[in-house]
Amino acid sequence: MDAFGVADRLHSVAIHLLRRVREQDTATGEGPARLSALSVLVFGGPMTLGQLAAAEQVKPPTMTRIVAGLERGGLAHRTVDSADARRVSICATTRGTLLLQEARQRRIQFLADHFKLLTDKELTQLNEAAGLLDRILSRER
């Protein structure tokens with residue numbers, strides 16, 4: 001099989017995997033856009049609305065609505081820069097961080113439960129494949 005064929009198959013599997021894992025997120029009561037933005041804040045730290053919009057590949061007005069929802073839910077808050085009152089950062093709250101960590105644990109547990117069906121050899125192969133993907137993708141970071 002050639003690189004294009006492997007890429008095609010992996011692309012399809014990755015989309016299906018992400019859809020299945022995302023089903024676990026319904027337990028949070030938050031939609032995918034809010035959880036994704038919250039994830040960026042939790043793992044990337046505080047950022048401006050523009051930075052968050054760029055990270056999520058949405059327009060600032062869309063991100064404004066997403067952040068407003070996160071604020072209403074007590075998952076994020078805005079902080080004014082002490083040196084420049086025009087600069088506002090969005091930060092995840094403790095509640096937002098905990099919600100995201102719990103959602104991540106549910107996703108991982110979902111995968112782990114399915115991985116229990118694999119042999120030790122298959123688990124090793126899957127771990128090695130994950131390492132290869134990580135190595136390839138880390139070149140772009």
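Biologist: How do you know what span to expected for α2, and what does α2 reach?
Modeller: The expected span of a helix is 1.5 Å times one less than its number of residues. With 13 residues, α2 reaches 18 Å from its first C-alpha to its last, close to the 18 Å expected. Helices are DSSP runs of H or I with at least four residues, strands are runs of E with at least two, and both are numbered from the N terminus. This is a predicted model, in which local features need pLDDT of at least 70 and side-chain atom pairs count only at pLDDT 80 or more, while totals for chains, interfaces and linings use all residues. Residues are numbered from 1 along each chain as its sequence is written, and side-chain values use heavy atoms, with hydrogens and water left out.

Biologist: What makes Arg107 and Asp25 a salt bridge?
Modeller: The term requires a side-chain nitrogen of Lys or Arg within 4 Å of a carboxyl oxygen of Asp or Glu. Here the N to O distance is 2.6 Å, and the side chains meet in a salt bridge. The pair links distant parts of the chain, with Arg107 in helix α5 and Asp25 in the loop between α1 and α2, 82 residues apart. The structure holds five salt bridges.

Biologist: Why is the pair of Arg87 and Asp81 also called a salt bridge?
Modeller: The closest N and O atoms of Arg87 and Asp81 are 3.9 Å apart, and the limit is 4 Å, so the pair counts. Arg87, at 40%, is partly exposed, and Asp81, at 26%, is partly exposed.

Biologist: How do you know on which side of α3 the buried residues lie?
Modeller: Leu49, Leu52, Ala53 and Glu56 are buried in α3 (residues 49-56). They cover an arc of only 100° around the axis, which puts them on the same side of α3. The arc is taken from the directions from the helix axis to the C-beta atoms. These buried residues pack against α2 (32-44), α4 (60-72) and β2 (88-92), where contact means heavy atoms within 4.5 Å.

Technical notes
Buried means under 20% relative accessible area, exposed over 50%, partly exposed in between (1.4 Å probe, protein chains only).
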